[in-house]
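User: I have a structure open and have not looked at it before. Can you walk me through it?

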Amino acid sequence: MNASATVSLYTPRAAEIVSVADLTPEERLFRLRLCDGSELGHQPGQFVQLSIPGFTEAPISIASSPSRKGCFELAIRRAGFLTGEMHLKKTGDLVGIRGPFGNPFNLAELFDRELLLISGGCGLAPLRSLIQYCGDFPGRFGRVRILYGARNPEFILFRDDLQQWIDSGSFSCSLTVDNVTSGSCYEGATGFVHNLISTLDINPADCSAVIVGPPLMYRAVIDQLHCKGLPDDRIFLSLERQMRCGVGKCGHCTIDHLYCCQDGPVFRLDQLAGVKGAI
Ligand SMILES: Cc1cc2nc3c(=O)[nH]c(=O)nc-3n(C[C@H](O)[C@H](O)[C@H](O)COP(=O)(O)OP(=O)(O)OC[C@H]3O[C@@H](n4cnc5c(N)ncnc54)[C@H](O)[C@@H]3O)c2cc1C
Ligand code: FES
């Protein structure tokens with residue numbers, strides 16, 4: 001490894017917050033630009049290590065496509081120490097960025113196929129990077145269907161994007177919420193996201209599925225995809241584990257013999273056969 005590669009792996013680069021927008025009561029979208037003027041150089045599915053001096057680091061998925069140049073976006077839920085401090089940040093403030101890290105969605109395995117992009121909660125953030133990419137290169141993919149589940153209408157992420165994706169004609173979007181709080185004017189579907197799959201017509205010979213969401217969602221979604229005849233080598237999923245270094249050195253993120261930070265976070269389901277504790 002040469003010296004400059006070492007610096008980029010272990011040393012945070014300064015990034016300026018270009019804009020901040022509320023997505024839900026707990027999540028904000030931050031648009032960032034690296035202060036040295038370079039592109040982040042990521043691929044859909046990768047993450048960065050976000051740091052604020054005195055407030056440690058946390059892995060955060062990149063929520064925008066590499067085809068959108070100049071800036072990149074992070075959708076951040078206020079969860080604890082670092083993300084709580086991040087939510088106090090304003091336009092013009094500086095943060096640290098290491099990465100991009102991790103195994104991305106393998107675009108070559110998705111090209112020319114019908115895609116089912118299935119997410120729950122915060123999982124729409126990393127999928128948004130892939131969705132934007134599909135929108136920017138429509139000829140490279142077959143029909144793209146987005147299935148998204150939020151815990152209730154207040155927590156629907158990327159509302160404007162969801163509408164824009166439908167209006168663009170490039171995607172179909174199906175949305176559901178776990179439950180509706182009394183007094184809500186929400187009139188859409190209720191129930192868990194895996195219930196949306198049973199109603200779809202799927203040609204298993206021509207379809208790949210990508211799943212990103214909370215751990216509880218995976219087994220039910222995978223069972224539904226199996227019912228539709230989808231084989232494990234065309235089901236891709238992104239897993240979350242606690243991380244520190246992000247580069248395969250500290251062992252915090254291990255899943256059996258795999259390192260989630262480097263072998264993942266994106267895995268193909270057949271690669272997880274026999275891996276204890278993966279799902
Ligand atoms: C690959 C990857 C991508 C991620 N992408 C995003 C993203 O796009 N947006 C976002 O808001 N968050 C994302 N996260 C989760 C985020 O990194 C954690 O919530 C992180 O702990 C927040 O740091 P904190 O200092 O604010 O919280 P802390 O003070 O560290 O802790 C908050 C709570 O979260 C728990 N926790 C810590 N790490 C994880 C984890 N990986 N999974 C589940 N619970 C955890 C802690 O035990 C604690 O209970 C991602 C995590 C991974 C591994
Ligand atoms: S986070 Fe350190 S080995 Fe994966």
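The chat below goes through the sheet, some helices, the ligand and a few backbone details.

Analyst: One thing to know at the start is that this is a predicted model.

User: Ok. What is the strand order in the open sheet of 7 strands?

Analyst: The order is E10-E9-E8-E7-E11-E12-E15, and the pairing is mixed.

User: Which strands are at the edges?

Analyst: Strand E10 (189-190) and strand E15 (266-268) are the edge strands, each pairing on one side only.

User: How do E7 and E11 pair, parallel or antiparallel?

Analyst: E7 and E11 run in the parallel sense, with 6 bridges between them. One place to look is Glu114, whose bridge partner in E11 is Cys207.

User: And E11 with E12, over how many bridges?

Analyst: That pair has 4 bridges, in the parallel sense. Ala209 has Ile235 in E12 as its bridge partner.

User: Which way do the residues of E12 point?

Analyst: Ile235 and Leu237 point one way, while Phe236 and Ser238 point the other way. All four of these are buried. In a regular strand, side chains alternate between the two faces of the sheet.

User: What does Phe267 touch?

Analyst: Leaving out residues up to four places away in sequence, Phe267 touches Leu237, Leu239 and Leu272. Pro44 is 223 residues from Phe267 along the chain, and their C-alpha atoms are separated by 13 Å.

User: Helices next. Which residues of H6 are buried?

Analyst: In helix H6 (residues 215-227), the buried ones are Met217, Tyr218, Val221, Ile222, Gln224 and Leu225. Seen down the axis of H6, they fall within an arc of 160°, so they line one face of the helix.

User: Why would residues spaced like that point the same way?

Analyst: An α-helix has 3.6 residues a turn, so residues three or four places apart point the same way.

User: What is exposed on the other side of H6?

Analyst: Leu216, Arg219, Asp223 and Cys227 are exposed there.

User: And what do the buried residues of H6 pack against?

Analyst: They pack against strand E7 (114-120), strand E11 (207-212) and strand E12 (235-238). After H6 comes Gly229, with a positive phi near 90°.

User: What about H4, how enclosed is it?

Analyst: Helix H4 is largely enclosed by the rest of the structure, because 11 of its 13 residues are buried. Among them are Leu124, Pro126, Arg128, Ile131 and Cys134.

User: How far apart are the ends of H4?

Analyst: The end C-alpha atoms of H4 (residues 124-136) are 18 Å apart.

User: Switching to the ligand. How many residues surround ligand 1?

Analyst: There are 22 residues around ligand 1, and the closest are Ala58, Arg77, Gly80, Leu82 and Thr83.

User: Which elements supply at least two residues of that shell?

Analyst: Strand E4 (57-61), strand E5 (72-77) and helix H2 (81-86) each do.

User: How does the shell divide by residue type?

Analyst: The shell around ligand 1 has 13 nonpolar, 6 polar and 3 charged residues.

User: Last topic, backbone details. Where are cis peptide bonds found?

Analyst: One is from Gly99 to Pro100, with omega near 15°. Pro100 is found in strand E6 (residues 94-101). Another joins Gly264 and Pro265, with omega about 10°, and Pro265 is in the loop between strand E14 (258-259) and E15. Most peptide bonds are trans.

User: Which residues other than glycine have a positive phi?

Analyst: Thr56, with phi near 60°, is one of them. Thr56 sits in the loop between strand E3 (47-51) and E4, and counts as partly exposed because it has 14 C-beta neighbours inside 10 Å. Phe158 also has a positive phi, of about 50°.

User: Where is Phe158, and is it buried or exposed?

Analyst: Phe158 lies in the loop between strand E8 (144-150) and helix H5 (159-168). With 21 other C-beta atoms within 10 Å, Phe158 is buried.

Methods: Residues are numbered from 1 along each chain as its sequence is written. Chains are lettered from A and ligands numbered from 1 in the order in which they are written. This is a predicted model: local features need pLDDT of at least 70, side-chain atom pairs count only at pLDDT 80 or more; totals for chains, interfaces and linings use all residues. The expected span of a helix is 1.5 Å times one less than its number of residues. A residue is buried if 20 or more other C-beta atoms lie within 10 Å of its own, exposed if 12 or fewer, and partly exposed in between; C-beta atoms are placed from the backbone. A residue is near a molecule or strand if its C-beta atom, placed from the backbone, lies within 6 Å of it. Ala, Val, Leu, Ile, Met, Phe, Trp, Tyr, Cys and Pro count as nonpolar, Asp, Glu, Lys and Arg as charged, and the others, Gly among them, as polar. The arc is that of the directions from the helix axis to the C-beta atoms. Two residues are in contact if their C-beta atoms, placed from the backbone, lie within 7 Å. Two strands pair if DSSP finds at least two bridges between them.
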